[in-house]
Structure formats: structure tokens, C-alpha cells
Amino acid sequence: MPQNIQIPDNAPFGHEQKVALNALLPTLQPAQSMWLGGYFAALGQAMMGGGAKTAAAPAAAAAPAAPTVPLLVLFGSESGNAETCAQEAEKAAKAAGFKTTLADMADYDAAQLPEAQHVLIVVSTWGEGEPPQSATPFYELMMGDQAPKLEKVKFSVCGLGDTGYADFCQCAKDFDKRLADLGAERLYDRQDCDVEFEAPFREWLNNALEKMVEVSGVKEKAAAAAPAPAAAPSIELPGDFSLPGLEADEGYSKKNPFPAKVKANYVLNGEGSSKEVLHIELDLAGSGLSYEAGDALGIIPVNCPEVADDMLRLAGFRGDELKEVNGELLSLTELLMRDYDVTSLSRSLIRKYLPFAKNKALENLLEDDQKEKLGEWLWGREIRDLFAEYPPADNLTVDQLLNLLRTQPPRLYSIASSIKKHPEEVHLTVGAVRYDAFGRGRKGVCSTFLADRVQPGDTVPVYMHHNKNFKLPTDPDTPIIMVGPGTGIAPFRSFVEEREATGARGRNWLFFGDQRFLYDFYYQTEWQDYLKSGVLTKMDVAFSRDTEKKVYVQHRMKEKGKELYAWLEEGAYFYVCGDASRMAKDVNQALVEVYMEHGGLNEEDAIAHVKKLQKEKRYQRDVY
């Protein structure tokens with residue numbers, strides 16, 4: 001289909017119909033265009049041949065038969081990406097003629113899986129190789145002794161993850177192996193997608209669906225069941241399932257970020273703090289972008305010049321080498337600063353680099369039995385450390401270097417404002433990451449980009465990332481409990497502003513913690529004003545360095561356990577935001593202990609009760 005095709009002005013369509021058709025037509029693949037052409041030609045023939053008396057009947061006769069071959073698209077999602085991919089997979093499978101079902105692992109009954117016949121799984125990995133929170137009960141059941149046998153099932157798995165983590169796409173790997181162990185047939189190999197997941201996901205979907213169509217006979221069954229209209233040519237189902245993309249072409253998105261002007265950028269900590277937490281306000285005027293409380297803002301950072309130069313030097317480059325990109329001639333330094341990840345060191349990158357290093361010690365690090373040792377070596381190191389400790393045996397070319405690197409991944413930050421209180425603005429709470437390791441100062445790519453090189457008046461490329469799994473209750477009278485230490489306070493500022501702006505009557509209880517009361521009490525005056533006005537019902541704080549024995553938010557939860565339990569029994573929603581590796585786990589354990597002590601439950605029943613909260617979506621997390 002030509003990309004510039006447009007519906008002519010004199011076509012017999014209304015304005016909205018023309019807009020919709022002009023948006024659809026350029027996205028169609030050739031097979032899809034041919035199918036539509038054949039379908040409408042057949043429909044038109046039948047309509048014209050029947051005359052006015054039978055105008056309605058041929059449309060029904062020409063309608064395709066109801067699909068009979070089932071296909072399940074099953075997803076597990078934390079931030080929403082896997083769900084978006086699964087929705088696209090469901091649309092493509094339906095277009096291929098399957099009787100499709102789209103299901104969240106949080107809601108799906110595993111006992112039904114043996115009857116699904118054809119299954120596409122899209123699942124993300126979080127934390128230390130863990131499934132999404134809402135998918136955990138399904139994951140545990142499938143990995144356990146109660147999992148059903150799946151001899152009649154044909155499947156393929158796609159994982160979303162980040163190669164910057166040691167257990168990249170581990171959840172997808174677990175599902176892929178487990179389904180095969182339970183007797184299911186793998187029709188197409190698992191696809192593991194990095195942060196830039198769109199292209200590999202699309203490739204997996206096209207190939208996996210092609211295999212599903214081939215083995216299921218869905219085309220033949222549809223053709224046999226379809227009633228043939230008189231004098232109508234045969235109509236083939238589309239054989240190409242290429243997707244035009246996961247994002248709308250119009251408007252601002254990850255592929256087309258909006259240059260948001262910085263209105264404010266200042267440090268929240270008091271003088272003497274060991275931390276550096278920024279409050280940033282960005283102007284969205286003219287962007288058309290909007291968001292809800294609980295969403296995140298994506299930022300495309302620019303690399304630190306010193307880090308990029310250091311990496312290039314250690315790899316054997318000057319930085320002024322030229323590379324043509326989309327007709328633009330750029331120096332290697334300019335290209336790396338703008339488009340590539342020059343810091344994140346991972347097992348997959350080392351594996352790609354190994355032929356250039358030709359080093360036995362590095363090769364040994366990649367052995368399967370050295371996973372723990374490799375993890376220890378990777379901690380705190382960057383790509384430049386790899387080149388420093390294991391220099392390339394031969395000079396790398398520009399293309400070889402670029403093939404080693406992945407594109408610069410965006411960073412997501414929980415939004416710290418309500419658009420109802422701050423129209424055409426978005427606020428962030430960002431902790432600047434700085435530390436020393438192996439003789440070099442290290443800096444968080446995006447956080448120090450914002451802290452060191454972005455001033456009011458500058459612009460930052462941004463887009464909205466909508467988080468369907470971290471939202472306020474639909475009933476504004478529902479009480480909420482928020483646990484947000486450190487920069488985890490961000491979405492709860494958004495929640496409270498939203499509830500104030502909408503006049504929600506539900507009670508609000510906030511747990512906050514950091515190091516010191518005098519230096520690290522973010523938005524202190526705002527919380528005090530909310531307490532005075534009654535918008536914030538309760539607030540409990542924990543400043544770990546102000547007491548001889550460190551006290552954290554989970555300790556405050558247990559101290560207030562009786563009241564916390566009462567709120568939950570009254571239907572309160574429970575939210576956690578912040579560090580995934582320790583804080584979120586400690587808070588979860590504290591919640592289990594609250595149910596044990598004040599609900600009179602044993603540990604097993606208390607854990608089951610907490611999982612029930614998760615399944616009901618009354619326990620939501622935004623952790624990183």
C-alpha cells in the first residue's frame with residue numbers, strides 16, 4: 001500500500017470517516033489491502049446484484065463465519081508494556097481468523113489452560129528475575145506441583161526485560177521451559193526483548209502467528225465454514241500479520257518525544273544532607289500530553305561527555321571519526337552522546353565483545369557455573385571498565401563498536417503532580433545517583449543529566465508512560481494507605497493532589513521515611529498543610545539516621561499495625577513505591593506480620609490474604 005495514499009475530498013464519506021480511513025490506509029500491508037479489496041468487491045457485487053429489495057440480505061450472506069479455532073493471549077505486566085503488546089497480539093490473531101481470548105495472568109484460571117490449544121504468552125521480568133506482582137500467584141501455581149498437564153497446547157513466549165539486569169527476561173525463560181516440561185509443544189522459539197522492545201516483539205508476533213496459522217488450519221476451517229455469497233469471488237484471509245507499530249503515529253510518544261521546557265529545577269534536601277534529590281517542573285503547553293495520577297514520565301537522556309570520551313579512548317577511538325546516519329554526518333562522539341547507551345555493562349554485551357578481546361579469562365567469566373562471579377564482577381563497572389581491563393586485541397571499526405552497544409534506553413520517573421492542580425505541567429522527584437567504584441566516579445546517566453546539565457529554560461525530550469497497574473481507586477470514598485520512602489514519595493504527592501482537586505472523601509494515610517528529619521523531609525510543608533486541612537488523614541515518618549537503632553517505614557507499619565489492619569478490613573487500598581530489592585520486600589513482610597498479629601492468622605494464611613489483596617488490585621506497587 002503506498003504510504004501517501006489519501007481519501008479524495010469528493011469521496012462519499014463524512015469528515016470523521018475520512019480522518020479514520022486516512023490514518024488506517026498507510027498502515028496496511030499488501031496482503032491486508034488485497035483482502036479488504038476482495039472483501040469489498042464481493043460485498044459490492046452481492047449488493048448490486050440483489051437490487052433494492054435484497055439490499056440488506058447480501059451483507060449478512062457475505063459476512064465471514066464466526067471463528068472456531070481458539071487462541072489465548074496471556075500476559076503478565078508490571079508497568080503496562082507487556083499488556084500493550086498482548087493487546088496488539090490479540091488484534092493480529094483475530095485478524096488471522098482465530099477465536100481469540102486476551103487474559104491477564106492476575107485473573108486467569110490455570111485450570112482452563114489445557115483447553116486453550118494455541119497460546120501466546122507476553123510477560124515482563126522485574127526485580128531479581130521475578131514475575132510482575134499481579135502475575136505472581138499464577139506463576140507460582142504453574143511452577144508448582146498443581147500445574148495442569150498441557151499435552152494439547154501449542155505455544156510461544158515473548159519476554160520483556162532489560163539486559164542491564166543479570167536475570168534478563170528470566171520470567172519468560174521460566175514459562176517457556178515450564179510449558180514444555182508440562183507437555184506443551186513450542187511452535188516458535190522464545191523472544192527476549194530489551195528495553196527497546198517494539199521491533200523484536202513485532203518480529204516474534206509475525207513469526208509465531210505464522211506458525212500458529214500453519215498448524216491450526218485456521219484458514220481452511222474458516223473457508224469451509226464461510227457462506228459464499230452468490231457471484232462473489234473467493235476471499236482469502238490475510239497472510240501477513242505485520243503490525244504498523246505499537247504507538248500512534250500522531251502526537252508525541254517515545255519515538256517522537258516532546259521538548260518540554262524546564263520551569264523549575266532545585267534540590268529538596270537541606271544543607272548537610274548526604275543525598276541530592278531534585279524537584280523538577282516541566283511545561284507541557286502545546287504538547288497535547290496528559291496523564292493520570294500513578295503514571296510515569298519517560299525522559300530521553302543525553303550522555304555525560306566525559307564518560308563518552310573516556311569509553312571511546314579506552315576502545316581505541318579519537319571521537320572525531322565520522323558516521324552517516326539518515327543522511328546526517330555525525331562525529332562518533334556526537335552519535336554516542338545522543339543515541340547510544342555508553343555505560344550499561346551486561347553479560348550479553350560481553351558475549352558480543354568476546355571475539356574482539358580474545359581473552360581466556362573473560363571467556364571463563366561467561367561460563368554457566370560462573371554466574372555469581374560474573375555478577376560480582378559486573379557490579380559497579382561500566383563499558384569503559386571492560387575496555388580498560390580487557391582491551392580489544394585488534395582495532396575496532398566504528399560499525400563494530402556501534403554493534404556492541406544498544407540504543408539509549410529512556411528512563412521512567414513516577415509523576416509527582418496532578419494535572420488537575422498543575423494544568424499543562426508535570427513534576428518529578430529525582431534522586432541524583434553518584435558513587436565511586438574501581439577508581440572512577442560514577443554517575444546515573446539520566447539523574448545527573450537532569451542535575452548537572454539541565455537548567456530552567458532548557459528543554460528535555462519527554463513522553464507519557466501510562467501505568468494501568470498503579471491507580472487510585474475508582475470509588476473516591478475508598479481509603480488509601482501509601483508507603484513511599486525516599487523518592488518513592490513522588491506518586492503519592494500526585495495521589496494527594498488529585499484527591500484534593502477532585503474533592504474525594506476517602507481517608508489518606510502516608511508512611512514516609514529517609515535518613516534525617518532536618519535535611520531529607522521532602523515536601524514537608526505541603527504535608528503539614530494537608531494534615532491541617534484534613535486532606536491527609538494520617539502521616540507516619542521514619543528517619544533512620546536520627547535514632548541509635550535504625551527505624552524504617554516497615555517498623556512504623558508494625559507499630560501502627562492494629563489501625564493499619566482495621567483500615568484494610570474496611571476496604572483500604574495499599575500502595576508501595578520505591579526500592580524493589582529490599583524496601584518493597586520488607587514492607588511486604590511487615591504487611592504479612594500485621595495480618596498475623598492483628599488478624600489472628602498463621603503465616604501461610606496471612607501470605608494468602610496478602611496475595612488476595614494483590615489479586616483484587618487493592619495492593620499495588622510501583623517499584624524499581
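Reader: Which residues point one way from β20, and which the other way?

Author: In this predicted model, Tyr 573, Tyr 575 and Cys 577 point one way from β20, while Phe 574, Val 576 and Gly 578 point the other way. In a regular strand, side chains alternate between the two faces of the sheet.

Reader: Why is strand β20 called largely enclosed by the rest of the structure?

Author: A residue is buried when its relative accessible area is under 20%. Six of the six residues of β20, which covers residues 573-578, are buried, and therefore the strand is largely enclosed by the rest of the structure.

Reader: What makes β17 and β20 a pair?

Author: Two strands pair if at least two bridges are found between them. Strand β17 (residues 480-483) and β20 have four bridges, in the parallel sense; Met 482 has Tyr 575 in β20 as its bridge partner. Strand β21 (residues 619-623) also runs parallel to β20, joined to it by five bridges, and here Gly 578 stands opposite Val 623.

Reader: How do you know that β10 and β11 pair, and in which sense?

Author: The requirement is at least two bridges, and β10 and β11 have four, in the antiparallel sense. Val 325 stands opposite Glu 328 in β11. The hairpin of these strands has two residues between them, and Asn 326 takes a positive phi near 50°.

Reader: Which residues of helix α10 are buried, and against what do they pack?

Author: In α10 (residues 332-339), Leu 332, Thr 333, Leu 335, Leu 336 and Met 337 are buried. The buried residues of this helix pack against α9 (305-315), β10 (322-325), β11 (328-331) and α15 (398-404).

Reader: Why is α4 called roughly parallel to α7?

Author: Helix α4 (residues 81-95) and helix α7 (residues 198-216) pack at an angle of about 30°, and their axes are 11 Å apart. Angles under 35 degrees count as roughly parallel, so α4 is roughly parallel to α7. The crossing of α4 past α7 is right-handed. Cys 85, Glu 88, Ala 89, Ala 92 and Ala 93 in α4 meet Phe 201, Leu 205 and Leu 209 in α7.

Reader: How many helices and strands does the chain have, and what percentage of its residues count as buried?

Author: The chain has 22 helices and 21 strands, and 51% of its 624 residues count as buried.

How values were computed. Residues are numbered from 1 along each chain as its sequence is written. This is a predicted model: local features need pLDDT of at least 70, side-chain atom pairs count only at pLDDT 80 or more; totals for chains, interfaces and linings use all residues. Side-chain values use heavy atoms; hydrogens and water are left out. Buried means under 20% relative accessible area, exposed over 50%, partly exposed in between (1.4 Å probe, protein chains only). Contact means heavy atoms within 4.5 Å. Axes are lines fitted to C-alpha atoms, for helices over the stretch in contact, and angles run from 0 to 180 degrees between N-to-C directions. Angles under 35 degrees count as roughly parallel, over 145 as roughly antiparallel, 65 to 115 as roughly perpendicular and the rest as oblique. A crossing is left-handed if the near helix is turned anticlockwise from the far one by less than a right angle, and right-handed if clockwise.
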